[in-house]
Amino acid sequence: MPTLLSESIVTLEFADLLNRRPIARPSKPHARSAGLHQSGILAHIAQQNGQLKVGERLEEDMPTIFALGFAWEEYCVSLYPGIDWQPGELIKDEIGVSADGLSIGEDGMPQVEEFKYTTKRIQTGIEFLESQWMWQHQGRAYCHCYGALVERWHVMYSRGGKIDGVYEYWPVYKQFVVRFSRAETKATWSMLCNHKEAARAAGKEEIGL
């Protein structure tokens with residue numbers, strides 16, 4: 001079982017917004033290489049094991065939510081100058097992975113950074129670990145390929161939710177920091193490798209996860 005190192009609600013102040021460092025945007029979006037990507041393989045596995053219903057749309061497949069998610073990623077990363085944003089695609093065992101960002105964690109070791117915009121309800125750390133199957137395996141795959149064991153998620157819950165018994169009706173920014181074991185990251189990567197040909201045959205080469 002992964003270790004939840006911390007979960008916290010981040011309350012932004014106007015000073016944070018004024019002191020952020022706008023990031024340099026590329027002249028055009030980074031293109032992914034053709035072929036298999038871990039997102040498509042995970043979607044295929046999720047359909048096979050019932051985590052994702054056949055025909056069910058992921059939030060990342062909806063253009064408006066995808067656009068809002070990318071806007072959140074660009075804005076949020078500008079608040080953290082220590083993050084290497086969009087470090088580049090890696091291809092391992094014919095599978096492509098593209099982490100949102102990399103940084104150095106509190107333990108001095110590499111840390112994966114991931115940004116999510118969602119209409120789902122706010123979750124506790126345990127719920128986050130137990131219910132976000134695709135996000136968790138996505139994180140393990142990134143850690144395996146980028147040489148990390150810790151991932152920090154920056155999740156923007158767009159509809160708010162219940163916090164300490166009180167319902168907040170505005171967007172809430174929450175962070176989850178999770179440590180995986182080396183065995184967990186290897187197990188996820190083995191799972192992806194074992195299902196890549198079936199995913200290819202099913203036409204699940206890539207989704208916008």
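This is a predicted model: local features need pLDDT of at least 70, side-chain atom pairs count only at pLDDT 80 or more; totals for chains, interfaces and linings use all residues.
1. Overall make-up. The protein chain has 209 residues. Its secondary structure comes to six helices and ten strands. Buried residues account for 46% of the chain.

2. Dimensions. The radius of gyration of the protein chain is 17 Å, which agrees with the value near 17 Å that a compact globule of 209 residues would have. Along the principal axes, the C-alpha atoms fill a box of roughly 50 × 40 × 35 Å. The accessible surface of the chain is about 11,100 Å². Carbon and sulfur atoms supply 54% of that surface.

3. Contacts along the chain. Taking the contacts with a separation of 6 or more, 73% are between residues 24 or more positions apart.

4. Helix H2 against helix H6. Two packed helices are described by the angle between their axes and the distance between the axes. Helix H2 covers residues 38-48 and helix H6 covers residues 182-201. Their axes are 9 Å apart, and the packing angle is about 85°. Angles of 65 to 115 degrees count as roughly perpendicular, so H2 is roughly perpendicular to H6. On the H2 side the contact involves Gln 38, Ile 41, Leu 42, His 44 and Ile 45. On the H6 side it involves Met 191, Leu 192, His 195, Lys 196, Ala 198 and Ala 199. By class, the residues of this contact are seven nonpolar, three polar and one charged.

5. Helix H5 against helix H6. Helix H5, residues 133-146, also packs on H6: the two axes come within 8 Å and cross at roughly 105°. H5 and H6 are therefore roughly perpendicular to each other. From H5, the residues in contact are Trp 133, His 137, Arg 140, Ala 141, Cys 143, His 144 and Cys 145. From H6, they are Glu 184, Thr 185, Lys 186, Thr 188, Trp 189, Met 191 and Leu 192. This contact divides into seven nonpolar, four polar and three charged residues. Met 191 and Leu 192 of H6 meet H5, and both also meet H2.

6. Ala 199. This residue lies in helix H6 and is among those that meet H2. Its relative accessibility is 0%, so Ala 199 counts as buried. Between Ala 199 and Glu 74 there are 30 Å from C-alpha to C-alpha, with the two residues 125 apart in sequence.

7. Met 62. The loop between H2 and helix H3, residues 63-77, contains Met 62. With a relative accessible area of 27%, Met 62 is partly exposed. Met 62 and Ile 23 are 39 residues apart in sequence, and their C-alpha atoms are 25 Å apart in space.

8. Asp 84. Strand S2 contains Asp 84, which is partly exposed at a relative accessible area of 41%. Apart from residues up to four places away in sequence, Asp 84 touches Asp 100, Gly 101 and Leu 102. Asp 84 and Asp 100 are 16 residues apart along the chain, and 8.6 Å separates their C-alpha atoms.

9. A reader checking the backbone will come across two residues with positive phi. Gln 86, which is not a glycine, has a positive phi of about 50°. Gln 86 sits in the loop between strand S2 (84-85) and strand S3 (90-92), and is partly exposed with a relative accessible area of 24%. Glu 94 likewise has a positive phi, near 70°, in a residue other than glycine. The loop that holds Glu 94 runs between S3 and strand S4 (95-97). Glu 94 is exposed, its relative accessible area being 52%; the cut-off for exposed is over 50%.

10. Tyr 167. Strand S9, residues 166-168, includes Tyr 167. The relative accessibility of Tyr 167 is 39%, so this residue counts as partly exposed. Setting aside neighbours within four places in sequence, Tyr 167 is in contact with Arg 159, Gly 160, Gly 161 and Lys 162.

Definitions and conventions. Residues are numbered from 1 along each chain as its sequence is written. Side-chain values use heavy atoms; hydrogens and water are left out. Axes are lines fitted to C-alpha atoms, for helices over the stretch in contact, and angles run from 0 to 180 degrees between N-to-C directions. Helices (H or I, at least four residues) and strands (E, at least two) are DSSP runs, numbered from the N terminus. Angles under 35 degrees count as roughly parallel, over 145 as roughly antiparallel, 65 to 115 as roughly perpendicular and the rest as oblique. Contact means heavy atoms within 4.5 Å. Ala, Val, Leu, Ile, Met, Phe, Trp, Tyr, Cys and Pro count as nonpolar, Asp, Glu, Lys and Arg as charged, and the others, Gly among them, as polar. The radius of gyration is taken over C-alpha atoms; the globule rule is 2.2 Å times the number of residues to the power 0.38. Buried means under 20% relative accessible area, exposed over 50%, partly exposed in between (1.4 Å probe, protein chains only). Accessible areas come from the Shrake-Rupley method with a 1.4 Å probe; for residues, only the protein chains shown count as cover.
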